[in-house]
Amino acid sequence: MKLSTCYKALITAAVLSFTAPAFAQYQTTAYRASILHFVADPAVSQTPYEYYEDGVLVVGTDGKVKAVGPANTVLNNYPYIQVVDYSGKILMPGFIDSHVHYPQTEMIASFGEQLLEWLNTYTFPTEQQFSNKTYAKGVAKTFINELVRNGTTTALVFGTVSPNSVDALFEEAQTRNMRLIAGKVMMDRNAPDYLLDTPASSYTDSKALIQKWHKNGRALYAVTPRFAPTSTPEQLTKAGQLLQEFPDVYMHTHLSENKGEIAWVQSLFPSSTGYLDVYNSFGLSRNRSVYAHGVHLRDDEFQSLAQTGSAIAFCPTSNMFLGSGLFNLQKAEQYGVKVGLGTDVGAGTSFNAFQTMNEAYKMTQLRKAFVDDPDTVNPLKAVKAYYLATLGAARALSLENQVGSFKIGNEADFVVINPNATDLLKFRMQKTTTIEDKLFVLQMLGDDRAIQNTYVMGKKQTVNGYGSGYYQYTYN
Ligand SMILES: [Zn+2]
């Protein structure tokens, strides 16, 4: 050991011995691993990501990104820093779920129906229970634990019609300081009486929740009409009024998921020129407006979404599970519509981003069987899938200056992935040569076992006392 290095080590040890007990959680920390994050959309850039095979991410005492780059270069600038060694693992920004229903956690995997029957048979009876705050808190805790175990650090979340459901979720998210967007469902028709609000009460309740939660810590609020069929024109007017009064809140709803639904919307709003036109006519389309699905959009509707800055949450496991249809991701790219990946649990079948990307890939493959010109359909590349689950979703949620990449100053939400988490992954990984190969194998074969750890604002999360990837330890 050189003398200077020896002194550095002694000084570091001395400093740590004095400060570690009291200030350990406030230390600037370096995480050493193979580090990947996106800087651009692979659809428009030849160099959409940065990858450091032996990299370091530096997180400051404020939980934000201070530096990222090759280990040797970065560590030279931080000679005394505490290093957490995740060599052999892949460290990425935490996954972002652009559309999910936390009250449906307990009814994931319910058999046999398509959208409208599925809502009546399973969803509405389940959501009734959330007027009970204690009940809601219990499900919220399970939901947030599932996010953490699956490496998801931000989500755009449906509550139920009860304001209690939103309080319960945000309270749980705050125990982990998690960046979550959520809102109370607005629904004043075409659902059971026990779940209906009114235009006036939905306005008053939403406004009170906005004032209580929007920008409270990392919480953000979304005005959340369930979908056009369950709101009267009077209620959609109120939703538009809330967006006028609170310009920086979100708007979150469903759009063009199912053909029966589209026909129903047309009959309920006979003067509209289409499904999206209903929302547009009430002033609901703009930046921070997120429409789940968009499976059956017309070209002019894609164009309209791009013009208004609205985003689509692409939810492949849900679209396959409910038999809704095959989303046209290439068309969204062609029109420049922002897209993020969503799970849509409980119609979606997994909280896991790998599994969601897996189904997204299969959906693009399946599209080839249903279009007139299959040669024009490209299989979803792994880099695009991971983009949609991180930076793409952050852009869809207008959060790219907070999360979704390791841009300096961003909030340090990240996930440590074990590419060898199962015997099959380990065996298959031996035949990979590039990071893009490894990402695709993880996308196809990975699940929650591959999530070794999840960090929120630089803080390692646990679930029931275990790190996220505890399955990994019980598996081997
Ligand atoms: Zn949904």
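Q: What makes Leu424, Phe427 and Leu445 a nonpolar surface patch?
A: These three residues make a nonpolar patch of about 300 Å². A patch takes residues with over 30% relative accessible area and no salt bridge; like charges are joined within 9 Å, nonpolar side chains (Val, Leu, Ile, Met, Phe, Trp, Tyr) within 5 Å. Accessible areas come from the Shrake-Rupley method with a 1.4 Å probe, and for residues only the protein chains shown count as cover.

Q: Where does leucine 424 lie, and why is it called partly exposed?
A: Leucine 424 lies in helix α16 (residues 423-429). Its relative accessibility is 49%, so it counts as partly exposed. Buried means under 20%, exposed over 50%, and partly exposed in between (1.4 Å probe, protein chains only). Helices (H or I, at least four residues) and strands (E, at least two) are DSSP runs, numbered from the N terminus.

Q: What kind of model is this, and how are residues numbered?
A: This is a predicted model: local features need pLDDT of at least 70, side-chain atom pairs count only at pLDDT 80 or more, and totals for chains, interfaces and linings use all residues. Residues are numbered from 1 along each chain as its sequence is written, and side-chain values use heavy atoms, with hydrogens and water left out.

Q: Which protein atoms count as donors of the zinc ion?
A: They are His99 (NE2), His101 (NE2), His254 (NE2) and Asp344 (OD), at 2.1 to 2.3 Å from the ion. The cut-off for N, O and S atoms is within 2.8 Å of the metal (3.2 Å for Na, K and Ca); water is not among the atoms, so sites may look incomplete. Along the chain, the donors follow the spacing H-x1-H-x152-H-x89-D. Histidine 101 in strand β5 (residues 95-101) and histidine 254 in strand β10 (residues 250-255) are 153 residues apart.

Q: Why is the arrangement around the zinc ion called irregular?
A: The four donor atoms subtend angles of 85 to 172°, so the arrangement is irregular. Four donors are tetrahedral if all angles lie between 85 and 135 degrees; four count as square planar and six as octahedral if opposite donors are over 155 degrees apart and all others between 65 and 115; anything else is irregular.

Q: How do you know whether histidine 101 and histidine 254 are buried or exposed?
A: Histidine 101 has a relative accessible area of 3%, so it is buried. Histidine 254, at 7%, counts as buried too.

Q: What makes lysine 212 and aspartate 167 a salt bridge?
A: Their side chains meet at 3.2 Å, N to O. The definition asks for a side-chain nitrogen of Lys or Arg within 4 Å of a carboxyl oxygen of Asp or Glu. Lysine 212 is in helix α6 (residues 199-213) and aspartate 167 in helix α5 (residues 163-175), 45 residues apart. Lysine 212 is partly exposed at 42%, whereas aspartate 167 is buried at 10%. The structure holds 21 salt bridges.

Q: How do you know that glutamate 411 and arginine 179 form a salt bridge?
A: Their closest N and O atoms are 2.8 Å apart. The pair spans 232 residues, from the loop between α15 (391-396) and β14 (414-417) to strand β7 (residues 179-183). Glutamate 411 counts as buried at 9%, and arginine 179 at 10%.

Q: Why are β3 and β16 at the edges of the sheet?
A: The open, mixed sheet has seven strands in the order β3-β2-β1-β4-β14-β15-β16. β3 (65-70) and β16 (459-460) each have a single partner strand, so one side of each is left without a neighbour in the sheet.

Q: How do you know that β15 pairs with β16?
A: β15 (residues 451-456) and β16 share two bridges in the antiparallel sense. Pairing requires that DSSP finds at least two bridges between the strands. Tyrosine 455 stands opposite lysine 460 in β16.

Q: What makes β15 largely enclosed?
A: Six of its six residues are buried, so β15 is largely enclosed by the rest of the structure.
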